[in-house]
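I opened this entry to record what I looked up, going from the chain as a whole to single residues.

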Amino acid sequence: MGLIKLIILGVLAWLAITLWRRAQLTRQRNTTSATKPDQAPVMVRCAHCQVHLPQDRALRAHDSWYCCAEHRDVRPD
């Protein structure tokens, strides 16, 4: 009788530990997935060569965006 109680107690302890670990993993996944990834930067197109680049790296002149100062300073023919 004592051995059966010990086995049942061991199984219940193992089950409790397993359920606790799964709950911790689920909580950790929910916390990680709740944070939003960084948003993609706004992309603009160079008016001269048509290459796309992030807006924070582009140069603006009048109502157009340019990838470098040389393209910004080129005069259209």
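I began with the order of the elements, and from the N terminus onward they run α-β-β-β-β-α, which gives two helices and four strands for the chain. I note at the outset that this is a predicted model, and I read every entry below with that in mind.

I then turned to burial and found that 13% of the 77 residues of the chain count as buried. For the surface, I looked up an accessible area of about 7,200 Å² for the chain, with 59% of that area belonging to carbon and sulfur atoms. Among contacts in the chain with a separation of 6 or more, I find that residues 24 or more positions apart account for 5%.

Which residues form a nonpolar patch on the surface? I list Ile4, Ile8, Leu12, Trp14, Leu15 and Leu19, which together have about 630 Å² of accessible area. I placed Ile4 in helix H1, which covers residues 2-34.

Setting aside neighbours within four places in sequence, I see His48 in contact with Tyr66, His71 and Val74. I also noted the pair His48 and Ser64, which are 16 residues apart in sequence and 9.3 Å apart in space, taken from C-alpha to C-alpha.

Key
Residues are numbered from 1 along each chain as its sequence is written. This is a predicted model: local features need pLDDT of at least 70, side-chain atom pairs count only at pLDDT 80 or more; totals for chains, interfaces and linings use all residues. Side-chain values use heavy atoms; hydrogens and water are left out. Patches are made of residues with over 30% relative accessible area and no salt bridge: like charges are joined within 9 Å, nonpolar side chains (Val, Leu, Ile, Met, Phe, Trp, Tyr) within 5 Å. Accessible areas come from the Shrake-Rupley method with a 1.4 Å probe; for residues, only the protein chains shown count as cover. A salt bridge is a side-chain nitrogen of Lys or Arg within 4 Å of a carboxyl oxygen of Asp or Glu. Buried means under 20% relative accessible area, exposed over 50%, partly exposed in between (1.4 Å probe, protein chains only). Contact means heavy atoms within 4.5 Å.
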